[in-house]
Amino acid sequence: MKKQYFLADEAATVGLGTALAEVVKRDIQKGITVYLNGDLGAGKTTLTRGFVRGMGHQGNVKSPTYTLVEPYELSPWQVYHFDLYRLADPEELEFMGIRDYFSDNSCSFIEWPEKGQGLLAGPDLIIDLAYQAEQRTVTLTSQSELGNQVLNTLASHYQGTHLQGTRLQGTDE
């Protein structure tokens, strides 16, 4: 299943992340693994910031470009934001215990997932962000039954809640 949204600005990108968090917390009640794709500056960290704040984090949400992962303990959830852009060798993920980051109550958002190929848990969702002038187009593609549930719930229950400045573009595959 695939859904595409048009994001008018940064607030709409944060809003989509927040809406995804609400789906996970209130409706699905299970952790999720999300692969994030897009050019530098496309909004991967911005979307993740919306998700992390939507899960209850009150502080700063920064890109883990130099640390590989930023953990957020948000009881009962663990949210992990990975940025593998600077990963020199996928084996580094083994040394940091990558498999321990994926559980039923963990939500992992992974930027540049192709750099960890073969060592990462499979995604429930793949989110592709692309520039469209000053705005963004975001395509969410489910890769599991859980991903299908998230997309269906997002489309039916959260269309107007946090998605001001966001327009569903009618791609339903």
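With which side chain does the side chain of His81 make a polar contact? The partner is the side chain of Glu111, at 2.6 Å; a polar contact is a pair of N or O atoms within 3.5 Å, where within protein one must be able to donate a hydrogen and the other to accept it, and residues adjacent in sequence count only if both atoms are side-chain atoms.

## Basis of the model

This is a predicted model, in which local features need pLDDT of at least 70 and side-chain atom pairs count only at pLDDT 80 or more, while totals for chains, interfaces and linings use all residues. Residues are numbered from 1 along each chain as its sequence is written, and side-chain values use heavy atoms, with hydrogens and water left out.

His81 belongs to strand S4 (residues 77–83); strands (E, at least two residues) are DSSP runs numbered from the N terminus. His81 has 0% relative accessibility and therefore counts as buried (under 20% relative accessible area, with exposed over 50% and partly exposed in between; 1.4 Å probe, protein chains only). Beyond four places in sequence, the residues that His81 touches (heavy atoms within 4.5 Å) include Thr45, Lys62, Tyr72, Phe109 and Glu111.

## Aromatic pairs

The structure contains 6 aromatic pairs, defined for rings of Phe, Tyr and Trp (its six-membered ring) with centres within 6.5 Å; planes under 30 degrees apart count as stacked, over 60 as edge-to-face and the rest as tilted. The rings of Tyr80 and Phe82 are tilted, with centres 6.4 Å apart and planes at 45°. Both Tyr80 and Phe82 are buried.

Tyr85 and Trp112 also form a tilted pair, 5.0 Å centre to centre with 50° between the planes.

Note on methods: Helix = DSSP H or I, 4+ residues; strand = E, 2+ residues; numbered from the N terminus.
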